[in-house]
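Please open the model in your viewer and keep the sequence panel beside it. The tour moves from one selection to the next and says what can be found at each stop.

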Amino acid sequence: MDKSRFGIKTTVLNIVLGLLTIVEYNYAANVKNKDDVFNINITMPNFNTTQEDQYTFLQYELPDEELTIVGYTPLISMNAAHHMLTFACTKPGSNKRVWSSGQACTGNEQLIVHGWARNAPSMSLPDDVGFPVGRNTPYKYIVINIHYLSNVLNDKSGNQIIMSRKPRKYQAGVMLAGTSQIYLKAKSHSVRTPFSCRYNGPTLSIFAARVHAHQWARVNSLYRVRDGVITQIVKGDPQWPQSFYPLSSPVEIQNDDYLVGQCVYDNDDDQIVRVGPTHKDEMCNVYAMYSFEPTKTAKGKQKTGETPIHSCWDNEFSSLVNLIPHDSEVPPRKPSDIGEINGGGHHTHAEHAMNPSIGSGKHASSPSDDDQSYDDYMDEVENMRHRNRDSNPYDINKVLTHLGLPDYEYVDAQNYDYLLPTHLTYGKEQTVKLHNAKINSSNLYTCVDTWPDVKSLPGQLGEIGGLAMNKESDELVVFHRGSRKWETKYFNGNYRFRNEMYGPIDEDVLLHIDTRTGQTKSRWGAKMFYMPHGLTIDHAGNIWLTDIALHQVFMFKPNDLSHPALTVGEMFQPGSGPTQLCRPADIAVMKNGDFFVADGYCNSRIIKFNRKGEYITEWGTPVNGMHDNDGFPLPNQWNIVHSIALNEDAQLLCGADRENFRIQCFSSKTGEFQRQIRVEEKDNIGPIYAIEFAPNTNGTVLFAVTGGAETRVKRVYMIDARSGDILTSFDSNPHLKAPHDIAVSSNGREVYVGELASSPVNALHKFELAKRKDLPTQTFSKRIYLNDKNFRVSLIIMAFFAIPVLLAVIFGCLIRIRNLRKLRRLNTFLSDVKTNSTAPTSVLGDWMNRRKGFEKLDQCSDGENEPLENDLNDDINSNDESKPQPTVNNNIAFKMGASL
């Protein structure tokens with residue numbers, strides 16, 4: 001009984017302690033009394049809009065005190081508003097409390113102190129940084145500017161300003177960078193709008209940034225240029241919740257530093273998009289929040305109010321744009337990546353870097369606002385399901401059947417179940433997942449961002465002429481042009497290379513890259529080639545190359561890469577005879593050693609040679625202006641045979657008729673025309689630069705890639721060459737710019753694209769067929785968010801209830817084990833008793849058979865079993881075997897068990 005009472009007391013005590021801990025936790029989490037902090041709610045007074053895209057202002061006069069703004073809690077939802085700006089003003093833009101035309105402030109003294117959009121969360125400044133307002137500053141008013149999307153009634157949206165009466169060591173400021181020079185043509189992509197300026201002022205430290213644009217923007221970025229060296233300040237996705245996100249390390253800006261940046265857009269619509277204030281227009285804004293140490297008066301008091309820089313607008317120093325890195329078009333994957341990963345040197349105010357928890361706080365809205373945000377998110381996921389199901393359908397089972405791959409290994413990339421959030425908030429993590437899903441929604445193949453290993457590539461990796469898979473060693477062989485570009489200065493009017501002025505390329509132009517790691521394994525070919533183009537590796541591992549400056553085709557044995565084993569064509573001599581070539585573009589090799597050459601730039605023909613390089617046959621003529629019923633040139637007419645691909649099992653040879661925007665397929669035995677393939681409608685199609693059959697597949701799977709400046713979106717297409725059906729297509733993010741060749745691994749699991757790029761970063765791309773293990777789980781998986789307040793409170797309650805229960809279970813298990821041991825001893829004793837009762841007695845009697853340590857039962861404990869005990873003793877001591885032997889009943893077992 002005492003133990004039971006003790007257990008109950010312990011349980012009650014644990015519960016009480018747990019509740020006290022919870023109360024103390026909630027109190028510590030919610031009570032702010034440090035630095036005399038208080039809140040000011042500035043909200044609309046049941047405001048009714050009169051039109052869509054209405055800009056409305058609300059003023060608040062500050063009390064006559066020295067105050068510092070140290071944080072914000074938006075009281076607003078994206079269901080009603082597109083964005084909200086908060087200003088500190090000397091005078092408001094109107095004498096009215098609320099107005100809908102004009103500007104936020106009058107006069108020169110105004111300051112942007114906060115910006116919000118897309119349900120961005122609350123925000124707190126570092127402990128030693130703030131915006132001074134009120135007495136002894138120019139800023140006597142706070143003005144809220146809300147951009148309403150649609151008509152709303154009785155709106156109470158606004159901003160909660162967190163104030164402190166304690167001054168801060170560093171003063172905060174916000175610089176607005178951007179441009180109004182925005183003009184997006186219909187169906188245009190990767191459109192850049194640059195801006196730049198020069199900074200003159202005291203040293204400041206940028207510690208947070210916010211980007212803003214509308215629906216067509218992909219990424220906004222800002223950089224610092226000092227002594228010719230460019231350093232990233234911020235690169236953000238404007239489709240995220242638009243808050244001030246902390247930089248991984250503050251970036252110092254000194255006097256005479258330059259600032260340069262850009263916004264990148266993709267306009268898939270049919271109309272032109274221009275700069276403007278409505279959601280049907282576009283903007284380009286980067287807000288940089290910075291700190292600086294203000295000057296002091298003669299009495300040692302801070303001079304508050306004026307900030308060093310307000311804006312960096314339009315492109316004052318256009319030459320700086322060339323310094324912007326190529327990866328500026330690639331948005332970061334998550335908000336924590338918006339700043340530069342490496343700090344980039346010493347920072348003056350690094351000690352007051354923004355707390356990493358910024359933006360992770362709970363969105364301070366009512367529960368209904370949270371529910372509505374969740375509904376918005378779910379609606380967007382559902383819209384993606386229907387939009388992509390209708391706009392880009394493909395049958396994954398049909399694709400896998402053609403590739404000869406098991407369907408259980410792969411999943412449909414259009415399944416968006418993994419986007420479902422796990423709690424009713426619209427946070428950054430869900431937004432990033434949704435944004436990435438939008439990018440890849442129509443792609444069965446995904447781009448491998450970490451491939452190749454750029455550090456292992458040569459610095460002079462130039463325009464990619466050709467790619468080929470070396471399946472024996474899991475290598476991708478790359479044929480590039482090094483420091484040379486295809487320019488008219490290298491050739492005269494007769495396609496002859498100016499060898500007397502320009503020699504061979506100095507760099508190694510052939511690279512062998514590991515297909516798994518992306519690292520360069522070997523390189524060769526220096527001072528051997530003049531203008532690399534086509535590359536093929538045959539079944540024996542021989543490497544075939546074309547050089548359009550030499551007008552020749554070469555075959556190298558894998559064990560001798562210094563001298564060609566076979567050469568076709570005359571060096572520097574273009575021609576159209578059986579032994580001459582003119583800018584040969586590509587090669588396809590049969591298993592018996594015979595090969596085809598795309599002699600396409602000048603001669604518009606395909607030539608077949610035997611394994612010794614002897615001419616066999618040719619077909620093809622230039623276009624003559626005649627068109628077929630479909631509006632395309634007649635079959636077997638070419639406008640640059642740029643790439644050829646051979647499927648010997650199907651006896652099919654296909655060629656990329658580049659400038660005729662089509663693929664033509666012929667019999668590899670007779671050269672007889674089979675069919676032409678167009679990957680898009682006539683009005684949307686572009687030049688087809690390269691084609692390649694996928695080996696080891698169940699069908700004639702042909703891959704093609706489009707290119708050229710006139711192609712709006714360069715894509716990779718998977719085609720059934722027998723029927724001409726397009727199985728699927730995909731592109732990358734950012735979009736391919738100048739693809740030139742393509743290579744495909746066994747079963748089409750991996751696709752490689754080489755571009756005419758000027759930087760190793762953008763030269764090579766690897767795409768993988770999306771596997772089940774690579775995609776997020778397709779079932780609803782509950783994820784635990786440790787920073788969620790409700791979760792932490794629930795965890796504490798569960799812990800304090802679970803501990804007593806666990807102790808009780810352990811105590812019960814120990815008692816059970818102890819009783820089991822007693823029961824085993826009892827059973828042993830009973831067995832001995834039964835044995836001894838039937839055995840012959842000795843002189844010593846029962847004393848010899850007693851168990852060691854056995855004590856005589858206390859037979860006087862009660863009278864219920866006394867007659868049975870007496871009978872038992874009489875029977876044991878009797879030698880009369882005629883009497884039946886007694887049996888020990890359960891009552892005796894129970895009594896013995898209780899006494900042991």
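Begin with the second largest cavity, which has a volume of about 60 Å³. A cavity here is a set of points, on a 1 Å grid over the protein atoms alone, where a 1.4 Å probe fits but cannot get out, and lining residues have an atom within 4 Å of a point; grid points are joined across faces, edges and corners, and a volume is the space filled by probe spheres set on the points. To find the place, select Arg210, Val211, Gly236, Ser243 and Tyr245, which lie nearest the centre of this cavity among its twelve lining residues. The elements that each give two or more residues to the lining are β14 (204-212) and β16 (229-236), and β14 gives the most, with three residues. Strands (E, at least two residues) and helices (H or I, at least four) are DSSP runs, numbered from the N terminus. By type, the lining divides into seven nonpolar, three polar and two charged residues, where Ala, Val, Leu, Ile, Met, Phe, Trp, Tyr, Cys and Pro count as nonpolar, Asp, Glu, Lys and Arg as charged, and the others, Gly among them, as polar.

Before going further, note that this is a predicted model, in which local features need pLDDT of at least 70 and side-chain atom pairs count only at pLDDT 80 or more, while totals for chains, interfaces and linings use all residues. Residues are numbered from 1 along each chain as its sequence is written, and side-chain values use heavy atoms, with hydrogens and water left out.

From Gly236, move to Cys263, 27 residues away along the chain, where the two C-alpha atoms are separated by 9.8 Å. Cys263 is found in strand β18 (residues 258-267). Is Cys263 buried or exposed? Cys263 counts as buried because its relative accessibility is 0%, buried meaning under 20% relative accessible area, exposed over 50% and partly exposed in between (1.4 Å probe, protein chains only). Apart from neighbours within four places in sequence, the residues in contact with Cys263 include Val191, Phe195, Val219 and Cys284, a contact being heavy atoms within 4.5 Å.

Next select Asp538, in the loop between β27 (532-537) and β28 (543-547). Asp538 is buried, with a relative accessible area of 13%, and its side chain makes a polar contact of 2.9 Å with the side chain of Trp544. Such a contact is a pair of N or O atoms within 3.5 Å; within protein, one must be able to donate a hydrogen and the other to accept it, and residues adjacent in sequence count only if both atoms are side-chain atoms.

A cis peptide bond, with omega of about -5 degrees, joins Trp451 and Pro452, and Pro452 is in the loop between β22 (445-447) and β23 (464-470). Tyr495 has a positive phi of about 65 degrees although it is not a glycine, and Tyr495 is partly exposed at 36% relative accessible area. Phe572, also not a glycine, has a positive phi near 60 degrees, and at 12% relative accessibility Phe572 counts as buried.

Finally, colour the model by pLDDT, the predictor's confidence in each residue, from 0 to 100. The protein averages a pLDDT of 78, and 73% of the residues score at least 70. Over residues 384-392 the pLDDT is below 50, and over residues 1-33 pLDDT stays under 50. Where pLDDT is low, the predicted coordinates should not be read in detail.

How values were computed:
1 Å grid on protein atoms, 1.4 Å probe; cavity = no way out; pocket = protein on both sides within 12 Å on 5 of 7 lines; lining within 4 Å.
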